[in-house]
Structure formats: structure tokens, C-alpha cells
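Hi,

Here is the structure I promised to pass on. Have a look at it first, and then read on for what turned up.

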Amino acid sequence: MERTVIDIIADCEKIGAIEELLRCIQLIPSLSSKGLLAALEMHGSGRLYQKTGYILEFYKEEFNLPDSFFEECERHLPNCKTYFSTEKRGFGFLYHNRWKIYGPRNLESWIDN
């Protein structure tokens, strides 16, 4: 399951929109931080650690993800700022300093869209 989540985050623009990604994540009963980190390591992409940390921080309590998971994601961040997606449809992107990423101001608004 964890590898599937990471693969979907990696290719979310190719397979659908951000809101579809978020709705799919909500259907998952549980995630293992170790499994997620193993899948991230397989990809070896700093940008993917960036996107994953940003997205899963929203679901931190739901999946009971420990702070150590997010700290490990932060250790792999690239030195540059980036956009989560090219899809900016009027929701306004905001710079999220922790993840060095421009992403939706409010992920919940994307889910409700």
C-alpha cells in the first residue's frame, strides 16, 4: 500500500488531479512510516520526499505518522523551491517553508472541490 501511495504522489499529474490523490489517500485504512520511507528510497527523488512530506503532514494524525517520518523526509529535501503541481486553479498557492514547496493554501479546499 505504501509503495502505491508514493507512486501515486510521484505521478499524480499524469494520472489525475490533486483532489483525486487526496480522496484516494482518505480511503486508505493505515500506512506504515517505514514502508513509506522504503518506497521513497526506491525512487531516490528529493522532490518526491518534498511532495510526500507536504501531503502526508495533512494526514499525520489520521495515519499516526511519527515526527521522525517527517524529519527523515526533510533530510532529503532539494535545495530549491518548487511547485507541488502545475495545476493552480484559482485556489492560490502558498509557500510552505518547511517543505520548500508552493502548494495549495488549504488542502481541504481541494478535497471539497
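A salt bridge here means a side-chain nitrogen of Lys or Arg within 4 Å of a carboxyl oxygen of Asp or Glu. Please keep in mind that this is a predicted model. By that rule there are five salt bridges.

One of them joins E74 to R98, with the closest N and O atoms 3.2 Å apart. This pair links distant parts of the chain, as E74 sits in helix α6 and R98 in the loop between β2 and β3, 24 residues apart. E74 is partly exposed at 31% relative accessibility, and R98 is partly exposed at 32%. Together with E57, these two residues form a network of salt bridges.

Helix α6 also holds a pair within itself: E72 and R75 are three residues apart, about one turn of the helix, and their closest N and O atoms are 2.9 Å apart in a salt bridge. R75 is exposed at 58%, whereas E72 is partly exposed at 23%. Another salt bridge, between D67 and K60, has an N to O distance of 2.3 Å.

Now to the inside. The largest nonpolar core has 29 residues, and L36, I55, L56, F69 and F84 touch the most other members. Helix α5 gives the largest share of this core, five residues.

One lysine in α5 is worth a look: K51. K51 counts as buried because its relative accessible area is 4%, under the 20% cut-off. Beyond its sequence neighbours within four places, K51 is in contact with I9, A10, C12, F84 and I101.

Best wishes

Methods:
Residues numbered from 1 in each chain as written. Predicted model: local features only at pLDDT ≥ 70, side-chain atom pairs only at ≥ 80, totals over all residues. Heavy atoms only, no water. Helix = DSSP H or I, 4+ residues; strand = E, 2+ residues; numbered from the N terminus. Buried < 20%, exposed > 50% of the residue type's maximum accessible area, 1.4 Å probe, protein only. Contact = heavy atoms within 4.5 Å. Core = buried A, V, L, I, M, F, W, Y, C linked by side-chain atoms within 4.5 Å.
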